[in-house]
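Please find below a briefing on one protein structure. It is arranged by topic for reading beside the sequence and the coordinates.

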Amino acid sequence: MQRALFKDLVKWKGNPERKPLVLEGARQVGKTWLLKEFGRHEYSNVVYINCDGNPQMQLLFSDYDTSRLLRGFSAISGEIIQPHSTLIILDEVQEVPEALTSLKYFAENAPDYHIAVAGSLLGLKMHADTGYPVGKTDSFKLYPLSFSEFLAACGKDVLLEMIREHDFANMNAFIPQLTDLLRQYYYTGGMPAVVDYYLRTQDLGGVRRLQKDIITDYERDFSKHTPPSVIPRIFAVWNSIPSQLAKENKKFIYGSIRKGARAKDYESAIIWLKKAGLIYTINCLKKLERPLKFYENSNSFKIFMVDLGLLGAMVDSRADEVLIGSKVFSDYKGSFTEQYVAQQFISTFGDSKLYYYTNDNSTLEIDFVSESDKVYPIEVKAETDLRSKRLSSVLNRNPDLKGIRFSMSPYIEQDRLTNVPLPLVEEYLRMVFD
């Protein structure tokens with residue numbers, strides 16, 4: 001399974017200013033697999049140590065003498081550790097906070113040794129203010145598989161190469177084939193274990209069971225790291241997300257959780273879910289002007305799930321409805337399709353560059369907004385009808401903007417508005433915003 005982040009890890013290895021690596025990400029997005037695969041291909045040997053339930057690792061960090069720690073890693077793994085040619089992987093590092101702190105000393109006193117750590121995003125964030133080696137690490141964040149990574153896993157390398165040539169108009173002939181693959185991606189999502197199981201077995205029922213197992217594992221974490229008083233609120237926010245996304249206006253409404261609910265009652269639960277990497281929040285804009293960050297309103301936001309397939313599992317969407325026909329793209333007020341577009345953007349650029357817009361009286365909403373050379377309002381239409389008063393109105397009032405519409409219709413450029421078929425979303429975003 002190819003992961004786009006592999007190339008960044010190779011660049012990290014070759015960087016003379018390299019620091020110890022922290023690979024962040026939600027549980028089960030493939031962090032351990034990726035680091036092992038990277039080590040197998042790029043190093044003479046790999047020292048892999050899991051810190052979870054490992055009493056030897058608990059005892060090892062009595063101090064931060066890097067020479068002694070390296071000897072300890074060698075003794076625990078049974079491997080000889082050489083500078084430059086050995087990759088040291090410390091997994092579930094949040095279980096031994098001192099191991100995370102030690103990265104500062106490896107950066108300062110043993111820079112020739114290549115060390116990478118992985119752990120749950122929540123666990124790493126919990127230690128961010130208690131001995132975290134600020135400024136002494138290089139960090140990468142791993143997300144579920146994007147659609148292009150899914151295509152690679154399916155062996156569609158020729159299609160991928162064609163997409164990456166950016167000749168989008170000539171890709172229209174291949175949209176039916178890509179749409180069928182997109183339906184499969186809507187069903188499986190991007191969790192690596194799920195995609196791998198699906199491609200090996202084609203067992204659709206097994207896919208749903210595996211997705212529900214992942215959701216159950218996430219929900220077990222709710223009680224592992226939080227005070228008992230907060231747990232019901234985390235569940236309440238988590239369980240409300242599908243219905244929030246199924247609204248015409250997808251702004252997160254606290255009152256949709258329970259009548260009379262207020263922000264102060266659930267803010268901590270939302271922050272917890274964000275730290276765990278299980279949700280993304282997209283803030284509203286007050287104006288469509290650069291720089292967008294100046295006009296962000298963090299009190300109004302949308303919430304998206306970590307993964308499209310898990311969203312489908314939470315609402316028990318049926319395999320026949322997802323895999324046959326195009327109804328899935330417009331079901332639930334297009335919630336799956338907005339989730340898909342958000343997920344492709346975030347897996348490429350993170351969630352700090354993506355917004356949405358509403359006017360002062362909330363009579364007009366633009367699904368997403370981002371910026372590169374100019375501000376781009378982005379509309380997501382889950383059907384083939386391209387008529388849009390909202391986007392046209394915004395473009396007419398703002399001549400400096402250029403619009404993007406993602407839909408089921410073919411690629412076409414119309415003056416200041418470009419229509420892009422849904423299967424081409426990720427690569428078009430790369431071309432515009434990279």
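Predicted model: local features only at pLDDT ≥ 70, side-chain atom pairs only at ≥ 80, totals over all residues.

Residues are numbered from 1 along each chain as its sequence is written, and side-chain values use heavy atoms, with hydrogens and water left out.

**Overall form**

- The secondary structure of the protein chain consists of 19 helices and 13 strands; helices (H or I, at least four residues) and strands (E, at least two) are DSSP runs, numbered from the N terminus.
- Along the principal axes, the C-alpha atoms of the protein chain fill a box of roughly 65 × 55 × 45 Å.
- Of the 434 residues in the protein chain, 53% are buried. Buried means under 20% relative accessible area, exposed over 50%, and partly exposed in between (1.4 Å probe, protein chains only).
- The accessible surface of the protein chain is about 18900 Å², and carbon and sulfur atoms account for 48% of that surface. Accessible areas come from the Shrake-Rupley method with a 1.4 Å probe; for residues, only the protein chains shown count as cover.
- Among contacts between residues at least 6 apart in sequence, 69% join residues at least 24 apart. Contact means heavy atoms within 4.5 Å.

**The H13 and H14 pair**

- Helix H13 (residues 231–245) packs against helix H14 (residues 263–275) at an angle of about 75°, and their axes are 8 Å apart. H13 is therefore roughly perpendicular to H14.
- H13 contributes Arg-233, Ile-234, Ala-236, Val-237 and Trp-238 to the contact, while H14 contributes Asp-265, Tyr-266, Ala-269, Ile-270, Trp-272 and Leu-273.
- The residues of this contact comprise 9 nonpolar, no polar and 2 charged.
- Axes are lines fitted to C-alpha atoms, for helices over the stretch in contact, and angles run from 0 to 180 degrees between N-to-C directions. Angles under 35 degrees count as roughly parallel, over 145 as roughly antiparallel, 65 to 115 as roughly perpendicular and the rest as oblique.
- Ala, Val, Leu, Ile, Met, Phe, Trp, Tyr, Cys and Pro count as nonpolar, Asp, Glu, Lys and Arg as charged, and the others, Gly among them, as polar.

**Buried residues and their surroundings**

- Gln-343 belongs to helix H17 (residues 331–349) and is buried, with a relative accessible area of 4%. Residues up to four places away in sequence aside, Gln-343 touches Pro-144, Leu-145, Tyr-185, Val-306, Asp-307 and Leu-308.
- Tyr-198, in helix H11 (residues 192–201), is buried at a relative accessible area of 5%. Beyond neighbours within four places in sequence, Tyr-198 is in contact with Gln-184, Thr-188, Leu-204 and Val-207.
- Thr-418 lies in strand E13 and is buried, its relative accessible area being 2%. Apart from residues up to four places away in sequence, Thr-418 touches Lys-402, Gly-403, Ile-404, Arg-405, Tyr-411, Ile-412, Glu-413 and Tyr-428.
- Thr-418 and Gly-25 are 393 residues apart along the chain, and 33 Å separates their C-alpha atoms.

**Backbone features in loops**

- Most residues other than glycine have a negative phi, and most peptide bonds are trans.
- Gln-28, which is not a glycine, has a positive phi of about 70°. Gln-28 sits in the loop between strand E1 (21–24) and helix H2 (31–42) and is partly exposed, with a relative accessible area of 33%.
- Asp-415 also has a positive phi, near 55°. Asp-415 occupies the loop between strand E12 (412–414) and strand E13 (417–421) and counts as exposed at 75% relative accessibility.
- The peptide bond from Arg-290 to Pro-291 is cis, with omega near -10°. Pro-291 is located in the loop between strand E6 (279–285) and strand E7 (296–305).

**An exposed helix residue**

- Asn-396, in helix H18 (residues 389–397), is exposed, with a relative accessible area of 65%.
- Asn-396 and Arg-416 are 20 residues apart in sequence, and their C-alpha atoms are 9.8 Å apart in space.
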